[in-house]
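Please read the briefing below alongside the sequence and the three-dimensional view. It begins with the overall fold and then turns to charged pairs and surface patches.

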Amino acid sequence: INAEYMGAVRKMDRLIVFEDYTRELERAERQRKEREFAKKVQMEQAMRREFVTLLVDFSERGLVGSDTEWKDFTSLLLDNTSFTDFVKEESMRRIFDDFVGHLKERIADHCSRVQEVLEKGVINFQFSTTFESFFQSLKEEESLKDLGEADIRRVYHKLRTKFEDENRELEKKRQKSLNRFIAAMKAVPELTCDLHYDAVLPILEKLPAFHAIEDPEDRKRTFETHVETLRPSRKRKAQELSEVSGVRVTPESAGSASTNSGAADSTESEDELVRRRKMILAALVKK
């Protein structure tokens, strides 16, 4: 600044000019920050709108549902670098939670309305029911006219998931009943490997675990499985024959010999069983 010029200006005037200048700088800085803030707000709003559009698209394609977790959703974006900025914003998580919550309410309402239609017998929904047949059966219903294909598809997947969960629980209960039946049979000494199902039915009917199984075929199959575990294996038969004869017998030979000779009668004495096994072994050695 020119000293001669400054000396010609009064001190008070210099102060006033300086204050005006600093105020102008402050105003310019404030305006710059306001412009940057407004630009940032616009960018965030645009990002939110694009993010919501992305959620709607994923929802219509069945990639996002009412039970989708945030971590599962972010895994869908790992291969798409154009959306990686979304998952870095905490506000995006809140938008996602709000979207899924709203979607959950919508699906619950749609499911309720569809269930009312299904109760009229329009279609008997089963796990094997295809979406095409499901949609064709419902699209002409007057009470569901406002539901699009994407809405019906979400309801379809919801019903299938519910069907799977119910079947899974039923299968767990069934398996527990079968296991309890097996445990109960193990505690009955009268059940041996040479008994048939019809013969021991009066004994089995005394077991509470027997009546806990609703399907008669399940009862019979479980009994046969249990009886099979009581029968000695080929390997065990081979060991017994080897111990009796002193000659090594393979499991295959023991099985063949057992097939040719038939099962020993349960009333035979131990000496008779040993004699029969020696005869079988001699026949095998000659072969």
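How many helices and how many strands are there in the protein chain? There are twelve helices and zero strands, where helices (H or I, at least four residues) and strands (E, at least two) are DSSP runs numbered from the N terminus. This is a predicted model, in which local features need pLDDT of at least 70 and side-chain atom pairs count only at pLDDT 80 or more, while totals for chains, interfaces and linings use all residues. Residues are numbered from 1 along each chain as its sequence is written, and side-chain values use heavy atoms, with hydrogens and water left out.

**Burial**
- Of the 287 residues in the protein chain, 25% are buried, where buried means under 20% relative accessible area, exposed means over 50%, and partly exposed lies in between (1.4 Å probe, protein chains only).

**Salt bridges**
- Side chains of opposite charge can pair when their charged atoms come close.
- The structure holds 18 salt bridges, each being a side-chain nitrogen of Lys or Arg within 4 Å of a carboxyl oxygen of Asp or Glu.
- In helix 6 (residues 149-186), D151 and R154 lie three residues apart, about one turn of the helix; they form a salt bridge whose closest N and O atoms are 2.6 Å apart, and both D151 and R154 are buried.
- K172 and E169 also lie in helix 6, three residues apart, and their side chains meet in a salt bridge at 3.9 Å, N to O; K172 is partly exposed because its relative accessibility is 46%, and E169 is partly exposed at 42%.

**Around D218 in helix 9**
- R221 and D218 are separated by about one helical turn because they are three residues apart in helix 9, and their side chains meet in a salt bridge at 2.6 Å, N to O.
- D218 counts as buried because its relative accessibility is 7%, whereas R221, at 42%, counts as partly exposed.
- A network of salt bridges links E171, R174, D218 and R221.
- The backbone oxygen of D218 also lies 2.6 Å from a polar atom of the side chain of T222, and T222 is buried, with a relative accessible area of 6%.

**Surface patches**
- E214, D215, E217 and E224 form a negative surface patch; patches are made of residues with over 30% relative accessible area and no salt bridge, with like charges joined within 9 Å and nonpolar side chains (Val, Leu, Ile, Met, Phe, Trp, Tyr) within 5 Å.
- E224 lies in helix 9 (residues 216-230) and is partly exposed, with a relative accessible area of 41%.
- M12, L15, I16 and F18 make a nonpolar surface patch of about 400 Å², and F18 lies in helix 2 (residues 11-60).

Terms used. Areas by Shrake-Rupley, 256 points an atom, 1.4 Å probe, with all protein chains shown as cover. Lys, Arg positive; Asp, Glu negative; His and termini not counted. Charge placed at Lys NZ, Arg CZ, Asp CG, Glu CD. Polar contact = N/O pair within 3.5 Å; in protein donor to acceptor, adjacent residues only side chain to side chain.
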